[in-house]
Structures are given as structure tokens and as C-alpha cells.
Amino acid sequence: MLRHRLKINYQGIRNFDWLMFSIPLVLTLLGIMTIYSATRSVLDTQPSFYVRQSIWLVLSIIALFVSASFDYRKLISIAYHLYGIGLILLFLTILLGHTGMGAQRWLRIGPVSFQPSEMFRIAIIIVVAKYLSIKRSPLSASPLATLLFLFVLIPFYLLYKQPDLGTAITLVGIVVLMVLVKGVQRRILVSVLLVIVISLPFAGNILWEGLKEYQRNRLVAFIDPKVDPKGIGYQIEQSKITIGSGKFFGKGYLKGTQGPFRFLPEKHTDFIFSVFSEEWGAVGSVVVISLYLLLIIRGYETAFYAKDEFGTLLSIGISTMFLFYVFINIGMTMGLMPVVGIPLPFFSYGGTALLSNFICVGLLINVRMRRFILFY
């Protein structure tokens, strides 16, 4: 039955958006080059991260074509199933997950390890897009309360327990923007804003007490990196030194020192942009940021041209996810945002993240190439 619902529509392939496919492909190839540079053997033997990432790239390209091939409107009928499976996997991660770098975010099936929260991003965007598209606009209190309980609080708690606070906060931001695009009754919007403003001092204390020690240290280091430059401020200080040392044109490919000599922690994951900036300078960084902006703008353009509300909200959610991830990751490498463990899409090492990002681009292409609804 599921196979029937996801039947491939070959007619749509004619309108495939090759530009939207090419941008993440170029970014990923640049990312693999930088992963190799950051982890190449200089002091001792390093695992072949770039080889693993290359294998994941092949799988991700296949996943992109699959997610672009069937009619995206078929997702409406399985949205709640996908969301339910996502919640179960998040719950199992807390119970049985593999711990690494202080967080319990990975599930292991045989030799394969994957991060359920990365795939859950897709499920929550799909289910919120479905839920909002079948509700009247502007939203009243009842559907908003249902959405808050079912699609925000439960996954937020499960992600917080891993802990993966960065992903949890980002998902809340994505849902909020999708709700605002749908439209909310003015009196409810004003009431919510008033509650937020009044509760901020109390909520701040509660959130601070609920954070783990390393999370508090990250906030302290963000506010004043020089308070402990060899301790809690080390990561941000080294990242800024790495970016600054690249100057305008960079040191050149494979000539960076901060990554391979291990001055910079998480050099091939969360702080890979710093390594790239050291080797390619401000010019290379501007090129990469421009590619991200082009992808995000094209995503929002897809939302504008979508032929139905589900397609619009789906595109808004995915484009906003890329916007938040790029803004937060590059911001934290420059010391403009606190370190929250958000990877740079397509660039950072991580198979599950790469796979889910390519699936998301495939869905954007799916919506875009079906905007000419008369063809179907």
C-alpha cells in the first residue's frame, strides 16, 4: 500500500531543478576536501573521515532523487506515521542510545550508527505542514494548543534529555515561523507575546538551572571568551584565530595548521567552516556563504510558487531549517553565537545529517518541479 502511494511520477523529472541539486553537491565536495585537510595524517594516524563522507554522499544523492521523484502530496497520508516513528526513535535513543562527546544522540544497528534527531527534522516539518494546511487561517487557540503539545513540547523534551538543546531550539524556531506564515488571530498573538515578555525573568532562571555545566560554560564563554581562554573560552578563541589567520585569500589548500595540528577542537564537524576559512580566506568564505544564500532564497521562492498550502509550508520549513543551521553554525565559529553543537549543512562530517539534508533538498525540488500543476 505504501509502495502504491509513493509511486514514481516520471513525467515530473522533466522539470527537475539542476541548480538546486548542484549547490548542495558543490558544498558537499568542498566539505569533503576540507574534512580531508582537517583530519589528514600530520601527527599520527587518523581515521579516513573523508572516505566515509564520500560513501554517504553517494547514498545521499540516491536519496535526493528518490525524494524528488514521487508526488510530495502523497506525504500527507503518511505524515503522522513518519512523526510517530520519529518520536519512537528519539525515545529509544534516550533508553538505548550510544554516548559520544557528552551526549546520547546515536542509535546503533549492527555496524551502522545513526542520529535519529537528524531524520526527525524532516518528520516534524512534514507533519506540521500537514497539520497547518488542514486548519483554517488565522489559527485560533485550540489548534495552536494542540500543535504546541503534540509537535513542540514532546519532541523538545526528548531532544533536551539527550541532550541536543541546539536542535531542540532550532526546531521550535522552525515551527514558530511556519505558524506565522499560516497566520494567527491577532488577540492570541498579542497574548502570547505578553506572556513571553512577562515570564522572561522567571523563565531565564529556570532555563539556567536546567542547563548542564558544560552548557552554562558555553554561554559564559560566548559572553566573555577571555574569562578563561585556556579553558571554557578555548574553542571560540581558537576558532577566531583560525578564521583570522586565513586573511583575505587564505593560506592555500592543505596549508592550514589549526586543524591538522589539533589546535581547534571539533575541526571536521561543528567548526569545519573555520578550517575552510583558514585555507581559502575571506574570498572563499564569501563564495560558500553566497552558495548557501542562493539555496535558501531558491527554497523560499519555491514556497512562493508552490501550488498548494502544504507545498508552501513544507518549503518554508525546510528553507528556514537551512537558514537557522547556517546562521547559527557560522555565527558560533565567529564568536557571534553561543556554541550549541549545530553542524554546517552539507559541509560538516556526519552521514545522517548529510542524508537528511539531501532528502530535504529533494523535497524542495519535488515541490518546485510540480508547480506547473497542469502537467500532472
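Mentor: First a term: on a 1 Å grid over the protein atoms alone, a pocket is an open set of points with protein on both sides within 12 Å along at least five of seven lines, while a cavity is a set where a 1.4 Å probe fits but cannot get out; lining residues have an atom within 4 Å of a point. Grid points are joined across faces, edges and corners, and a volume is the space filled by probe spheres set on the points. This is a predicted model, where local features need pLDDT of at least 70 and side-chain atom pairs count only at pLDDT 80 or more, but totals for chains, interfaces and linings use all residues. Residues are numbered from 1 along each chain as its sequence is written, and side-chain values use heavy atoms, with hydrogens and water left out.

Trainee: OK, what volume does the largest pocket have?

Mentor: About 1700 Å³. It is lined by 49 residues, and those closest to its centre are F156, I169, V172, V176 and L207.

Trainee: Which helix gives the most to that lining?

Mentor: α8, with 13 residues. Helices here are DSSP runs (H or I, at least four residues), numbered from the N terminus. At least two lining residues each come from α6, α7, α8 (186-210), α9 (213-223) and α12.

Trainee: How does the lining of the largest pocket divide by class?

Mentor: Into 40 nonpolar, 6 polar and 3 charged residues. Ala, Val, Leu, Ile, Met, Phe, Trp, Tyr, Cys and Pro count as nonpolar, Asp, Glu, Lys and Arg as charged, and the others, Gly among them, as polar.

Trainee: What about the second largest cavity, what lines it?

Mentor: I124, F151, V152, P155, F156, L159, A168, L171, V172 and V175. By class these are 10 nonpolar, no polar and no charged residues. α6 gives the most, with 5 residues, and the space is about 40 Å³.

Trainee: Changing topic: at what angle do α5 and α12 cross?

Mentor: Roughly 145°, with the axes coming within 8 Å. Axes are lines fitted to C-alpha atoms, for helices over the stretch in contact, and angles run from 0 to 180 degrees between N-to-C directions.

Trainee: Is L139 buried or exposed?

Mentor: L139 is buried, with a relative accessible area of 1%. Buried means under 20%, exposed over 50% and partly exposed in between, using a 1.4 Å probe and protein chains only. Leaving out residues up to four places away in sequence, L139 touches several others, including L132, V179 and I188. K182 is 43 residues away along the chain, yet its C-alpha atom is 7.6 Å from that of L139.

Conventions. Contact means heavy atoms within 4.5 Å.
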